[in-house]
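Colleague: I'd like to learn how to read a fold like this one. Can you walk me through it feature by feature?

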Amino acid sequence: MATMELEIMSTEIIKPSCPTPLSQRWYKLSLLDQMSYPMYIPIVLFYPSNDCDNSVEFSNELNKSLSEILTRYYPLAGRIGDGGIECNDKGVDFFEARINCPLEGFLNHPEFEALNLLIPDQIQSNKLDLSSTLIVQITFFDCGGMAIGVSMCHKVADIATMSAFLNDWAAMARLSEEKEEITAQFITSFFPPDHSPLDIPEYVPKKRNCVARRFVFNATKLDALKTLAASHGVENPTRVQVVTALLYKCADAASKASSDSPTASDLVQMVNLRQLVIPPLPEKSFGNMAWCFKISAQEEGEVEFHDLVAQLKEGVAGFRLTYGKSFSWDELFRLMSDFRKSFGTLLKRTENIVRFTCTSWCRSPLYNVDFGWGKPIWISCPSAMWNTIILMDTRSGDGIEALVSLEEQNMNVFEHYEELLRFASLNPSPYEAH
């Protein structure tokens, strides 16, 4: 295929269709918001062509509906300040672009370098000061088809918020009536911000000489992994747990194989708290509501797959056991306040340990985002940080896609492990991996 070239056709600022009331002009970030990484969460949704493709009409509808939904999600049109968002309606950067290839060719075996074309250059080059909370780029392909790239600041929201926003934006574009029923639910109304001074050491994930690969686990292979874990005494493992355990096991082995002095490793697993707390939060609540725990592999020897699955189960069960039945928001506030004291230590990478991070986007209704011309044919994250694993559903909902980013020398070993390839396919076409 010829070199792909992207042309930016237009750039504009989309502001809320109605001004934000003065009473809502300052949005205080919760404690979890303040503790979140200062980075963007980028996601790209791909829509196939149809018989009535009209790029001008699509662009106008996305523009109009984005302006309307920003009145509900008004912090996204503001600018991040010290401990909060000034909801000043400065708006969202909106780019329209064209790329010189057909969608089918782009998705044949999608490469991360090409995916990066579908989000603004500023996201990739870190030229932004992170004061903007939301950036959008729509890209039209030759012969029809479109990609919508959305980047949301992690200081403001997590993937559950991103999913809720995208579905509400799509509903705003799709519905002619009942738009008044589309509302945002802000976490700060359930979980008030902490007004005491924060002394959290700032941690910014570093981009190193790393490469990313995509692995797809179909439903049959997931069942085989769960059966394998169960055969060693792990009861009712989830599909996310078995995939995470296998990927971590292979990443740990690749790290040790590529090093002259192998070291121990650990994995920080992110968990959505919305349904773990009592009473549960609405799944579409706006803001960061994720927790994390660690599992580890010893310095010497090969870690067992089923042991890692067991550690992952124990990590979630430990939270439920400690806080589940009698959990309250006061306890959560105390837990977060205590945790922030050790936050820097938990996230800090040291010389004698290798740190991996895993987050699951599975069960997020991202494949339901329908602007009126059908659901996306594929969804992906075009930018991954060093030593990270991102899990998301396949289009059918019964498989898992894993986006794995490792140092290049480690990936050269990792992507050839027979144990991994026995259960996963390396970068199949999204048309096949549905």
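Modeller: Let's start with burial: a residue is buried under 20% relative accessible area, exposed over 50% and partly exposed in between, using a 1.4 Å probe on protein chains only. Keep in mind that this is a predicted model, where local features need pLDDT of at least 70, side-chain atom pairs count only at pLDDT 80 or more, and totals for chains, interfaces and linings use all residues. Residues are numbered from 1 along each chain as its sequence is written, and side-chain values use heavy atoms, with hydrogens and water left out.

Colleague: Then is N387 buried or exposed?

Modeller: N387 is buried, because its relative accessible area is 2%. Its backbone is worth a look too: phi is near 60°, a positive value in a residue other than glycine. To place it, you need the element names: helices (H or I, at least four residues) and strands (E, at least two) are DSSP runs, numbered from the N terminus. N387 sits in the loop between β15 (378–380) and β16 (388–393).

Colleague: What about D89, and where does it lie?

Modeller: In the loop between β5 (84–86) and β6 (92–102). D89 also has a positive phi, about 60°, without being a glycine, and at a relative accessible area of 12% D89 is buried.

Colleague: Next, helices. What should helix α2 span?

Modeller: The expected span is 1.5 Å times one less than the number of residues. For the 15 residues of α2 (residues 55–69) that gives 21 Å, and the end C-alpha atoms are 21 Å apart, so the two agree.

Colleague: Which residues of α2 are buried?

Modeller: Among them are S55, F58, S59, L62, L66 and I69. As a rule, an α-helix has 3.6 residues a turn, so residues three or four places apart point the same way. For packing, think of contact as heavy atoms within 4.5 Å. The buried residues of α2 pack against β1 (6–14), β6, β7 (134–142), β8 (146–153) and α6 (159–174).

Colleague: Now the rings. How many aromatic pairs does a search of the whole structure find?

Modeller: Rings of Phe, Tyr and Trp (its six-membered ring) pair if their centres lie within 6.5 Å; planes under 30 degrees apart are stacked, over 60 edge-to-face, and the rest tilted. The search finds 18 pairs. One of them, Y47 with F371, is edge-to-face at 6.1 Å centre to centre and 75° between the planes. This pair links distant parts of the chain: Y47 is in strand β3 (residues 40–47), while F371 is in the loop between β14 (353–360) and β15, 324 residues apart. Y47 also pairs with W373, whose ring centre is 6.1 Å away with planes at 80°, so that pair is edge-to-face. Both Y47 and W373 are buried. Ring pairs join these residues into a cluster including F58, F165 and W169.

Colleague: And how many disulfides does the search find?

Modeller: The test is a pair of cysteine sulfur atoms within 2.5 Å, and the search finds zero. C153 is buried at 0% relative accessibility, and C292 at a relative accessible area of 9%.

Colleague: Last one: which strand does F215 lie in?

Modeller: β10 (residues 210–217). F215 is buried at 0% relative accessibility. Its C-alpha is 5.8 Å from that of A424, 209 residues away along the chain. β10 runs antiparallel to β17, with eight bridges, including V216 with E401. β17 (residues 400–407) has seven of its eight residues buried. β17 also makes a hairpin with β16, with six residues between them, and G397 in the turn has a positive phi of about 90°.

Notes
Two strands pair if DSSP finds at least two bridges between them.
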